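Hi everyone, thanks for making time this morning.

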Amino acid sequence: MKIVVIGGTGLIGSKVVQKLQAQGHEAVAASPASGVDTLTGQGLAAALADASVVVDVSNSPSFEDRAVMAFFETSTRNLLEAEALSGVGHHVALSVVGTDRLPDSGYFRAKLAQETLIRNGPIPHTIVRATQFFEFVGGIVQSGTDGDAIRMSPALFQPIASEDVAAALADVAVAPPVNGTIEVAGPEPIPLDKIARQFLAAKGDGRKVIADVHARYFGAAIDDRSLTPGEHPRLGRIRFEDWLSH
């Protein structure tokens, strides 16, 4: 079937397109580079013609509070409207584990607004909430920079390889919509301060990591439940240590 991947040229989207094409589906990567702009609606009608499924893995170019909210609300409304006109039968969206538990974060508030629009919209849907990707751990560690040290919360963290996220999305795209949420996470929970030490050691970075229960995660206070999945998530196969060694 024809499956359109919005954000299909990015880290996750390109992998989803490859996996769906390998299964014999007509997987189309749609992005501003291909003339499809979800913010303006440009190119959406043509891209979605004859599509059965849309997988939205797009992300805001700005994480500033107002900009990220405007991106997810506008692009989601435009997508759902275009899907209704085109007869799309399944809207799959990538979201984040903890979206409903971190209201202090403008990004998470915007993702929650996106999820609400999808749930209240006209298209059968599946929301896939993933934990943070291994590929983003470096940025998370850097965000804790405090002088010559790194200050990190010891709260549990369960990151996942982008490859495993893409595999989950490809499976969901060809399955019936659940009209609900599926969670995907890495194989095991690890305290944030510990994963920071592992990352820095692998990079030969000698900075000290300080465990600080008051350290914030991109502006949000967190605990062991903030960034970890609920019961019965789909778990990725790739361990962080193995990913680091490659």
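This is a predicted model: local features need pLDDT of at least 70, side-chain atom pairs count only at pLDDT 80 or more; totals for chains, interfaces and linings use all residues.

Let's begin with an open sheet of three strands, in the order S6-S7-S11, with mixed pairing. Strand S6 (145-146) and S11 are the edge strands, each with a single partner strand, so one side of each has no neighbour in the sheet. S6 and S7 run antiparallel and are joined by two bridges.

A quick word on terms. Helices (H or I, at least four residues) and strands (E, at least two) are DSSP runs numbered from the N terminus, and two strands pair if DSSP finds at least two bridges between them.

Residues are numbered from 1 along each chain as its sequence is written, and side-chain values use heavy atoms, with hydrogens and water left out.

Now the open spaces. The largest pocket holds about 680 Å³ of space. It is lined by 27 residues, and those closest to its centre are Asn59, Phe63, Tyr107, Gln132 and Phe136. Helix H1 (11-22), helix H3 (65-86), strand S4 (90-96) and helix H4 (106-120) each give two or more residues to that lining. H4 gives the most, with four residues. By class, the lining of the largest pocket has 15 nonpolar, ten polar and two charged residues. Here Ala, Val, Leu, Ile, Met, Phe, Trp, Tyr, Cys and Pro count as nonpolar, Asp, Glu, Lys and Arg as charged, and the others, Gly among them, as polar.

The second largest pocket has about 220 Å³. Among the 14 residues that line it, Pro32, Thr38, Ser58, Asn59 and Phe71 are closest to its centre.

On a 1 Å grid over the protein atoms alone, a cavity is a set of points where a 1.4 Å probe fits but cannot get out, and a pocket is an open set with protein on both sides within 12 Å along at least five of seven lines; lining residues have an atom within 4 Å of a point. The largest cavity has about 50 Å³, and helix H5 (137-143) and strand S7 (149-152) each supply at least two residues of its lining.

Last stop: the backbone. Most residues other than glycine have a negative phi. Aspartate 50 has a positive phi, near 70 degrees, and sits in the loop between helix H2 (44-48) and strand S3 (53-56). Is aspartate 50 buried or exposed? At 69% relative accessibility, aspartate 50 counts as exposed (over 50% relative accessible area, with a 1.4 Å probe and protein chains only; buried is under 20%, partly exposed in between). Histidine 232 also has a positive phi, of about 60 degrees, and is exposed, at 75%.

Notes
Grid points are joined across faces, edges and corners, and a volume is the space filled by probe spheres set on the points.
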